[in-house]
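Welcome! Please take a moment to look over the sequence and the model shown here.

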Amino acid sequence: MVGIVIVSHSVKVAEGIYDLAMEMASENEHIIAAGGMESGAIGTDAFRIMSAIKAADTGDGVAVLADLGSGIMSAEMAIEMLGDNINVRIADAPVLEGAISAAVTSTSGASLDEVIAAAEEARNTSKLS
Amino acid sequence: MSSKIYDCIEMIGNRIIENKDFLTELDREIGDADHGINMARGFTEVLAILPKDSDNIGDLLKKTGMTLLSKVGGASGPLYGTAYMQAGKVCAGKTALTAQDGKAVFEAVIAGIQKRGKAVKGEKTMLDAIIPAFEAYSAAVDSGASVNDALDAMCKAAEEGVEYTKTIIATKGRASYLGERSIGHQDPGATSATYTMQAVRDFIKG
């Protein structure tokens, strides 16, 4: 099963998104919230994200959903530090909607490409029509 | 007895830590009000963990980058982390640097920051101080100027770069949410980058 890592500057945001995603994907044990700094402060930490990616991987790859600016930069650094050992990609998607789409798609047994595509589709979904 | 490279990084760290409140204030105006706090937290940790007596420049720069990466938290963590790690690669195994090495460090740092931040000059970022500083430094070194004169030219260009950031709209980072309201404010990242270069100059000039 494709793992999912939720990256946010805020511990609470990442955990909140995790809670929402788990409502739709309760049997998925490979979704991990990696929010904030080790101290709990606001921020992102490439090493925390790297550990989360390792923990989320079952061999089928990992999709990363990240919030603002340094969320993406720290995730990119985490991926570079991991080298080629894990098939991991960042979804170009809004972190909340993307994470929920990714969680549902991953739980259905889809591939990493399909999970990333589902997350990125969330970018174009209109909320008012 | 501490090594020269440790002393140089200490001077950079102290300059950042001394200006913590000002950097945070700049970031309050156009960002998320954490730049000084984050950078000071990062350098406090750097100065605590670096081996004081090692003169391995590459190794100390790499350790500085790794520590900033994990302790800074904001966008400056991956950006400065990348910058120091790239500088460390250029300086691997070295215990002294020439003026030409300085150019190679600059090139690696700029390439690293551009790749990480996907930014170019003119977007109200640290690059608006670093790129002109590099150009001024290189031009001076290539024309045969003394190292001290090249370092002065570098800092003057960086300071002018900071002034220039007041005149432009931010299109990268948190300040981009402000759009035109970011005009009139100097960029915190360009400012901390300039402190870094000033500290290096002051260290080398002694």
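Predicted model: local features only at pLDDT ≥ 70, side-chain atom pairs only at ≥ 80, totals over all residues.

Residues are numbered from 1 along each chain as its sequence is written, chains are lettered from A and ligands numbered from 1 in the order in which they are written, and side-chain values use heavy atoms, with hydrogens and water left out.

**Where the chains meet**

Contact here means heavy atoms within 4.5 Å. The table gives what each chain brings to it.

| Chain | Residues in the contact |
|---|---|
| chain A | 17 residues |
| chain B | 19 residues |

Together, chain A and chain B bury about 1400 Å², with 60% of it on carbon and sulfur atoms; buried area is the accessible area (1.4 Å probe) that two parts lose on being put together, summed over both. Of the area that chain A buries against chain B, 37% comes from A:Phe47, A:Met73 and A:Met77, more than from any other three residues.

Four salt bridges are found across this interface (a side-chain nitrogen of Lys or Arg within 4 Å of a carboxyl oxygen of Asp or Glu). One of them joins A:Glu76 to B:Lys118, with the closest N and O atoms 2.7 Å apart.

**A look at B:Lys94**

Beyond its neighbours within four places in sequence, B:Lys94 is in contact with B:Asp55, B:Asn56, B:Ile57, B:Gly58 and B:Asp101. B:Asp59 lies 35 residues from B:Lys94 in sequence and 8.9 Å from it in space, C-alpha to C-alpha.
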